[in-house]
Amino acid sequence: MEPIIEFDRFSFRYRSQTEPSLYDIDLKIYPGEKILITGPSGCGKSTLARCINALIPCSLRGESSGTVKVDGEVPEKAGIFGMSKKVGTVLQDTDGQFIGLTVAEDLAFALENDAVPQPEMRERVAQIAGTVNLQKLLHHAPGELSGGQKQRVSMGGVLVDNVKILLFDEPLANLDPATGKRTIALIDDIMKMKEVTAIIIEHRLEDVLYRDVDRIVVMQDGRIVTDRKPDDLLCSSVLTECGVREPLYVTAIKYTGMQIRPEDRPQHIESMNVEPYREAVRKWFREAPVRDRQNDNNAILEVKDLCFSYFSGEPVLQHVSFTLKKGEMVSMVGRNGAGKSTLSALICGFLKPDSGAILLDGKDISPLSVKERGERIGLVMQSPNQMISKPMIRDEVGLGLTVRGIPEAEVKERVEKTLRICGLYPYRNWPVSALSFGQKKRVTIASILVMDPDILILDEPTAGQDYRHYTEIMEFLLEINRTTGITILMITHDMHLMLEYTDRAIVIADGTLVTDDTPAHVLTDDAITEKADLKKTSLYDLAVRCGIPDPSELAERFIAYERADTKKEEEVPADGR
Amino acid sequence: MAVNSRLLSYEHKDTWIHDLSGVTKLIFFLLWCIVSALTYDTRVLLIMIAVSAAILLMSKTKWNQIGAVFKLIMVFMILNVVAIFFMSPYQGCQIYGSRTEISHLFGNCYVTKEQLFYLFNVVIKYFTIIPAVFAFMVTTDPSEFAASLNGLGVSYGISYSIAIALRYIPDIQEDFHRIRNAQEARGIEMSAKAKLSDRIKRTSSIIFPLLFSTMSRIDVVSNAMELRGFGKKKKRTWYAFRPLRRNDWMVLVFIVVFSVWALVFTFRDGSRFYNPFL
């Protein structure tokens, strides 16, 4: 069979960069295949995708050598429009991709541009709406849709063109775990209905492997490190070496010292042959450290029976109560639109509750203004671009103090102290624009920390970050939590974050608090994960399949083991640095 | 938050005004404005106010869709009227060719019946246009409007940019609210409590983040449009296109007849003013 996509000794360098982003790429993809391309941020996986849909070199220019062929054509010659007939690209940002004012118009967008007559267009839109299950939402505006529904619109919008190749650029980045799972299932269903080739670019490996993929291509530093079947790849150590997170059950089995064999089909925990590893896992479980999560501090924030609605009769939050203790790290989880952001807006005072109270250190904070609350409760937004307003790091971090009329000398001293805590001191005189995304994130955290708040609320601190940056940001938060004793509340979709870094999880669904328990218990409870659109951790399945009597405890011990491990790693180079 | 911020934007409702084609509404609106700008005939203006108000009522427009903008226009109108009164206190006398003093204010500044009548006309001119503007904005589906503009011969690039601007206004409004809230929590007070000079200075702390997030959004959107073939052909069709129907023609005939009548009626005596002082 002829490959549908073929890279032959292909290299590419962006005009604005000195180093090539792709080196010597040799890759063949055959019709009907489902390929996962993975690797850390900056490994070149998105660049590779842009070479397939002709954004490179038609829109983003640079120098290339070698050849690319897609369905018999050279993308450069066919142009972006020519390629759009063959390759449907689903972008990470579903909001940005949603161009029409309603679902129907967005699905029709490609047909409109092709000047398809209106009656035929309406027919094809109705048909494709059936494929992606959007018939009932045709006249909805983007603001009325959930993240998963928007993703379905994106897929429908490219499928309507009868493309041969579907290209997904980090499709899971903005989705809650259950919606991510449904997206992966939908890709699978579409491939069954239509004859398409699918290429998924994603670093959330375990979530993509929810359904079979044919091959996984791992990239690092612009090169293809390996290209093989998932079962083979999971048995090797390539993923860990490249900074891509393995499925947790695979890591857990590797911790036992066992070598996983491809013939046991480790691609899915449900269908894997765990028999050979069972004893080793049970033994490891008995010997693994027990995690200590006791926190006997006083309450710092108490939310009591909070109710809120934008319009009377349509409650957004109902009777929500919980307590944060001093020095805790707590996660708040639930699907998009469950009421998490509303809750943080109520705590920060952007909105006023209909009833109920919020106590800080035992005192009601309803009389405090937004500004006064901001001195005690700091909010860090998801994207640093939404917060940074000064060109220089020093000014940005000091902004909150300057506007409060604090003397210049004191501002300088506090800014420098905070920059030291945040590891930004060497960059104090740099412009913000010279920093990486992770460093910018630190700047926004520093600009809140400088006001010495009691509580830090972070909205999706690690959204869209690869494993290395995720670890970097989370270890940093853990460190400031330990050194300053600050209480941290994180709104997140990331089940790993919740499990690994937080002591407790507050689960919100449909405006009510479903549970407030340890992450390991939450993520191993069918009823709760179902209700709140979470995803059960695969460690639980592993524990059940190995016959461990208290299955949620395996997740606890796994995290405790990893924590002990990272601590050791940290201690060794600490002096030498 | 998204729910509150849908100010002056299209909302789908089931009325015959919503069902009209965007082109019909545009032509109506343009002729309406021209007539209102040309005539100072009080009788014509009063009829126009009645029609405008009826349109706004029939379109089932709610106060919260237009309230804030209405207040702003009122402020400008009052400023305008006060400015005319003090800058040229005898404008009305010049126009109507007589001078009926009511009371003496100061210096050589007198309140005259003619001036008051002239200002009354200025005020009602505002009120002939305001309801029509509101009705046009909240009842016109932007994509259908873009489609009909394109049908009239406007290039589709320009037509589509109107639709897409309207598509992203709610998103940008939401970004704005989020950024403002977060900056306010950092202590950058933007509410009425802070001094005006401070507020202006601090706007930069919202404008820059908003600008950066909007720029990156534009980048994504334009890539997405190109990847789906926008601009590929000289022509494009429209999902939302609607041909002119019976109601459209009736409205068009009405507005043309009305405009001709209104102008003839106004200028019959060679002046655009109605003069009750003769």
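Contact here means heavy atoms within 4.5 Å, and by that rule 58 residues of chain A are in contact with 52 residues of chain B. This is a predicted model, in which local features need pLDDT of at least 70, side-chain atom pairs count only at pLDDT 80 or more, and totals for chains, interfaces and linings use all residues. Residues are numbered from 1 along each chain as its sequence is written, chains are lettered from A in the order in which they are written, and side-chain values use heavy atoms, with hydrogens and water left out. Here is a quick tour.

**Where chain A meets chain B**

- The two chains bury about 5000 Å² between them, 58% of it on carbon and sulfur atoms; buried area is the accessible area (1.4 Å probe) that two parts lose on being put together, summed over both.
- The rule finds five salt bridges across this interface, each being a side-chain nitrogen of Lys or Arg within 4 Å of a carboxyl oxygen of Asp or Glu.
- Lys233(B) and Asp114(A) form a salt bridge, with their closest N and O atoms 3.4 Å apart.
- There are also 21 residue pairs in polar contact across the interface of chain A and chain B, both residues at pLDDT 80 or more. A polar contact is a pair of N or O atoms within 3.5 Å; within protein, one must be able to donate a hydrogen and the other to accept it, and residues adjacent in sequence count only if both atoms are side-chain atoms.
- Among the elements giving two or more residues to chain A's side are helices H3 (75–84), H6 (118–131) and H18 (437–449) of chain A. Helices (H or I, at least four residues) and strands (E, at least two) are DSSP runs, numbered from the N terminus.
- H5(A) gives the most to that side, with nine residues.

**Chain A overall**

- Chain A has 25 helices and 19 strands.
- Its C-alpha atoms fill a box of roughly 70 × 60 × 50 Å, taken along the principal axes.

**A look at His319(A)**

- His319(A) sits in strand E11 (residues 315–325) of chain A.
- Leaving aside residues up to four places away in sequence, His319(A) touches Asp305(A), Leu306(A) and Cys307(A).
- The side chains of His319(A) and Asp305(A) make a polar contact (2.9 Å).
- From His319(A) to Val303(A) is 16 residues in sequence and 9.6 Å in space, C-alpha to C-alpha.

**Domains of chain B**

- Chain B is divided into domain 1 (24–139 + 248–278) and domain 2 (142–239), with bounds from an automatic or database domain assignment.
- The C-alpha centres of domain 1 and domain 2 of chain B lie 33 Å apart.
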